[in-house]
Amino acid sequence: LGGAELFYTRLVNALRNRRHSVLAITVADSRISARLDPPIPQVHIPMWGVADLPSRWRIGRVLRARQPEIVQTYMGRATRLTRIAPGGRPIHVARLGGYYAPHGYRHAHAWIAASPGIREHLLRHGFPANRIFLIGNFVAPYQPSPLASLGQLRREFDIPDDALIVTAVGRLHPVK
């Protein structure tokens, strides 16, 4: 799972843990679906692609039946398949984790940019600044490694005991 998927699962689980009412629309038997806490209700919709009209219809039907206040989509496919009338309810908030073509996101009511650069990207394409919010990919709490494991890794890689070790994890992609 990448940053967007992990962001989604952490967000949904955190909202549920804080006793907010949540509903996750996910793909059945997906790794995302499996990472959501068991008490979180899920509706499974295939979301095959942006032209998947049956999935778009099913998402609309779920939203009309559940009448949520806010719908937050992440990634292009979910955002493009979710259509809510301008000025209507629920409020559609689309999250962007990359420098995507803006036409597939413009119909949302507000946008979450995962980085300052993505926020600037939206501004350059004419999105209204007062409806763009910067929220990075918050990460899971830090769990320190056992000292014995660290000592073994230092010996294995010939790293002195007093050397500072800095690690960065990310997807090595030209756009990033």
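Student: Where is the place of threonine 26?

Tutor: In this predicted model, threonine 26 falls within strand S1, residues 24–26.

Student: Why is threonine 26 called buried?

Tutor: Its relative accessible area is 2%. Buried means under 20%, so threonine 26 qualifies as buried.

Student: What makes the link between threonine 26 and histidine 44 a polar contact?

Tutor: The two side chains come to 3.1 Å. The cut-off for a pair of N or O atoms is within 3.5 Å, with one able to donate a hydrogen and the other to accept it, so the pair counts.

Student: Which residues is threonine 26 in contact with, leaving aside neighbours within four places in sequence?

Tutor: Among them are Tyr8, Ile32, Leu36, Val43, His44 and Met47.

Student: Tyr8 again, then. Which residues are the closest to the centre of the largest pocket?

Tutor: The pocket's volume is about 1200 Å³. Of its 37 lining residues, Tyr8, Leu23, Ala24, Val71 and Gln72 are the closest to the centre.

Student: And which element gives the largest share of the lining?

Tutor: That's H1, with six residues. Helix H1 (3–17), S1, helix H3 (53–66), strand S3 (70–74) and helix H4 (76–81) each put in at least two.

Student: How do you know that the charged end of arginine 95 sits over the ring of phenylalanine 7?

Tutor: The charged end lies 4.4 Å from the ring centre of phenylalanine 7.

Student: Why is the pair of tryptophan 111 and phenylalanine 127 called edge-to-face?

Tutor: Their ring centres are 4.6 Å apart and the planes stand at 80°.

Student: Are tryptophan 111 and phenylalanine 127 buried or exposed?

Tutor: Both are buried.

Student: Why is valine 166 called exposed?

Tutor: Valine 166 has a relative accessible area of 71%. Exposed means over 50%, so the label holds. You'll find valine 166 in the segment after helix H6 (147–156), and its C-alpha atom is 39 Å from that of alanine 108, 58 residues away along the chain.

Definitions and conventions: Residues numbered from 1 in each chain as written. Predicted model: local features only at pLDDT ≥ 70, side-chain atom pairs only at ≥ 80, totals over all residues. Heavy atoms only, no water. Phe/Tyr/Trp six-rings, centres within 6.5 Å; stacked < 30°, edge-to-face > 60°. Buried < 20%, exposed > 50% of the residue type's maximum accessible area, 1.4 Å probe, protein only. Lys NZ or Arg CZ within 6 Å of the ring centre and 35° of its normal. Helix = DSSP H or I, 4+ residues; strand = E, 2+ residues; numbered from the N terminus. Contact = heavy atoms within 4.5 Å. 1 Å grid on protein atoms, 1.4 Å probe; cavity = no way out; pocket = protein on both sides within 12 Å on 5 of 7 lines; lining within 4 Å. Points joined across faces, edges and corners; volume = space filled by probe spheres on them.
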